[in-house]
Amino acid sequence: MKDRYAVIGNPIGHTKSPLIHGLFAQETGEDLSYTALEGPVEPADAFAATVRAFIAAGGKGMNVTAPFKLQAFALADERSERAELAGAANALRFEGGRIVAENFDGVGLLRDIEVNLGLPIAGKRVLILGAGGAARGALLPFVAARPAELVIANRHVAKAQTLVAQVVADSPLLACGYRELAAMGHFDLVVNATSASLAGELPPLPPGVFSATGAAYELVYGKGLTPFLRLAREAAVPRVADGVGMLVEQAAEAFAWWRGVRPQTRAVIDRLTVPLD
Ligand code: NDP
């Protein structure tokens, strides 16, 4: 029997994960099956029961998407440091009766920015908008990339402050609200890790946060020029990108974690890219 993997979420109809992992399996010659599972949101213990049934049927690992990332984290017997800080899991591995939780969203994002887009973080002023699961997952990999400054801005400032307080004291990290950004000058990289674009909204950014020699990155993908990316374009930011590369890179990290072989990502990113204009 083939090793079984799946992505679990609700809704799950939109997912690209079976396509991505199918292409990875083809390219690496790994013999596995990968399906999409619509997880039950009720009753409260139904998610755990679905995961355990998948394990009993030969499941080796899962990707986890909304709204189950917190439940997947809670269900695990072991958690990586990245998952701990995020308080959320986006990948699970099942080994010897144990459930291990990881969070590859942040490493996937960083790899897309540094490797695919060729924008090293070291020594740069970086602004991350949002303090939800995706921003939390991104924090440790970003700190490890040694930016000169890393500012986390969120509507509910306390959430950003709590997050920053959990990271080592000597990191160049600052939490703030949107209004305080007005006095902070421009940033080399602005990352929109809010879900504002999903509703066609824009975080209340003051003018001047973008740099005319910098970059803007939107985590939402496949939606063309979101209000955030449009604002960056209007500010003449030369490099703008959406999150399709992050999606593929986090998938590649999970694949490597499960199978011990890292797939190539370029062709898969190209295949899934929806032009911004
Ligand atoms: P969460 O629901 O955990 O967090 C949402 C964040 O967005 C919060 O910080 C919230 O602020 C903020 N927010 C929502 N609406 C607005 C608004 N109108 N203005 C300003 N801030 C706003 O979401 P996630 O962190 O899990 O995901 C964030 C985004 O990243 C989603 O769009 C998701 O699709 C995308 N994503 C993309 C991935 C990829 O592979 N490309 C992977 C993971 C996520 P507050 O706390 O103040 O309410």
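**Around the ligand**

A backbone N or O atom of glycine 132 lies 3.4 Å from an oxygen atom of the ligand, a polar contact in the sense of a pair of N or O atoms within 3.5 Å. The protein covers 79% of the 930 Å² of accessible area that the ligand has on its own (Shrake-Rupley method, 1.4 Å probe).

The model is predicted: local features need pLDDT of at least 70 and side-chain atom pairs pLDDT 80 or more, while totals for chains, interfaces and linings use all residues. Residues are numbered from 1 along each chain as its sequence is written, and side-chain values use heavy atoms, without hydrogens and water.

Now step back to the shell of 25 residues around the ligand, where Ala134, Asn154, His156, Lys159 and Glu201 come nearest (a residue is near if one of its heavy atoms lies within 4 Å). By class, the shell has 12 nonpolar, eight polar and five charged residues. Domain 1 (3-103 + 245-272) and domain 2 (106-242) each give at least three residues to this shell; the bounds come from an automatic or database domain assignment.

Finally, let us visit some backbone features. Asparagine 10 and proline 11 are joined by a cis peptide bond with omega of about 0°. Another cis peptide bond, with omega of about 5°, joins alanine 66 and proline 67. Arginine 146, a residue other than glycine, has a positive phi near 55°.

Note on methods
Polar contact = N/O pair within 3.5 Å; in protein donor to acceptor, adjacent residues only side chain to side chain. Nonpolar A, V, L, I, M, F, W, Y, C, P; charged D, E, K, R; others polar.
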